[in-house]
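Me: Could you take me through this model as a set of questions and answers? Please give each cut-off where its term comes up.

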Amino acid sequence: MQSKREVILCKVLDFLTKDNQEPLTLSNIANALDMGKSTLYEYFSNKDEMIKEAILLMIDESQKQLLNYEAIESKIFKEAFVYHMKKSFELSKQNRM
């Protein structure tokens, strides 16, 4: 289960990666999550910090998926390479990379 901090960061990523949305503001994030802006300030001091943390979360999640050793450890190099490239393409299509 995601922590409240992660839920907020995922919503920030949604605002950053999806087209035709309202602008990324603290008010819009709070409204989208049905919480008050003061709750956001419990976790982040400002919008820039929130964006930075969201991008770091995205990078960390992408790295975990791309470097999934369990998925490639039993494969020969070519199979592991193909797996890695497919996963990279999949993540880029999701605008999460």
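Reply: Happy to! Contact means heavy atoms within 4.5 Å. The model is predicted: local features need pLDDT of at least 70, side-chain atom pairs count only at pLDDT 80 or more, and totals for chains, interfaces and linings use all residues. Residues are numbered from 1 along each chain as its sequence is written, and side-chain values use heavy atoms, with hydrogens and water left out.

Me: Which residues does K75 touch, not counting those up to four places away in sequence?

Reply: K75 sits in the loop between α5 (69–72) and α6; helices (H or I, at least four residues) and strands (E, at least two) are DSSP runs, numbered from the N terminus. K75 is partly exposed at 33% relative accessibility, a class between buried (under 20% relative accessible area) and exposed (over 50%), with a 1.4 Å probe and protein chains only. Once residues up to four places away in sequence are set aside, K75 touches A80 and Y83.

Me: At what angle do helix α1 and helix α4 pack?

Reply: Helix α1 covers residues 4–17 and helix α4 covers residues 47–66, with their axes 9 Å apart. Axes are lines fitted to C-alpha atoms, for helices over the stretch in contact, and angles run from 0 to 180 degrees between N-to-C directions. The two helices are therefore roughly perpendicular (65 to 115 degrees; under 35 is roughly parallel, over 145 roughly antiparallel, the rest oblique). The angle itself is about 90 degrees.

Me: How many nonpolar residues are in the contact of α1 with α4?

Reply: On the α1 side, the residues making this contact include I8, L9, V12 and L13, and on the α4 side they include M50, I51, A54 and L57. Nonpolar covers Ala, Val, Leu, Ile, Met, Phe, Trp, Tyr, Cys and Pro; Asp, Glu, Lys and Arg are charged, and the others, Gly among them, polar. There are three charged residues, no polar ones, and the nonpolar ones number twelve.

Me: Which element gives the most to the largest nonpolar core?

Reply: A nonpolar core is a set of buried Ala, Val, Leu, Ile, Met, Phe, Trp, Tyr and Cys residues joined through side-chain atoms within 4.5 Å. The largest one has 19 residues, with I8, V12, I29, L40 and M50 making the most contacts inside it. Beyond its neighbours within four places in sequence, M50 is in contact with I8, L9, V12, L26, I29, L40 and F44. Two or more residues come from each of α1, α2 (26–32) and α4, and the most, six residues, come from α1.

Me: What is the angle between the planes of F77 and F81?

Reply: Rings of Phe, Tyr and Trp (its six-membered ring) pair if their centres lie within 6.5 Å; planes under 30 degrees apart are stacked, over 60 edge-to-face and the rest tilted. That rule gives one aromatic pair, the stacked F77 and F81 at 6.1 Å centre to centre. These residues are four apart in helix α6 (residues 77–93), so about one helical turn separates them. F77 is exposed at 68% relative accessible area, F81 is partly exposed at 46%, and their planes are apart by 20 degrees.

Me: What is the phi of D34?

Reply: Most residues other than glycine have a negative phi. D34 lies in the loop between α2 and α3 (37–43) and is exposed, at 73% relative accessibility. Its phi is positive although D34 is not glycine, with a value near 55 degrees.
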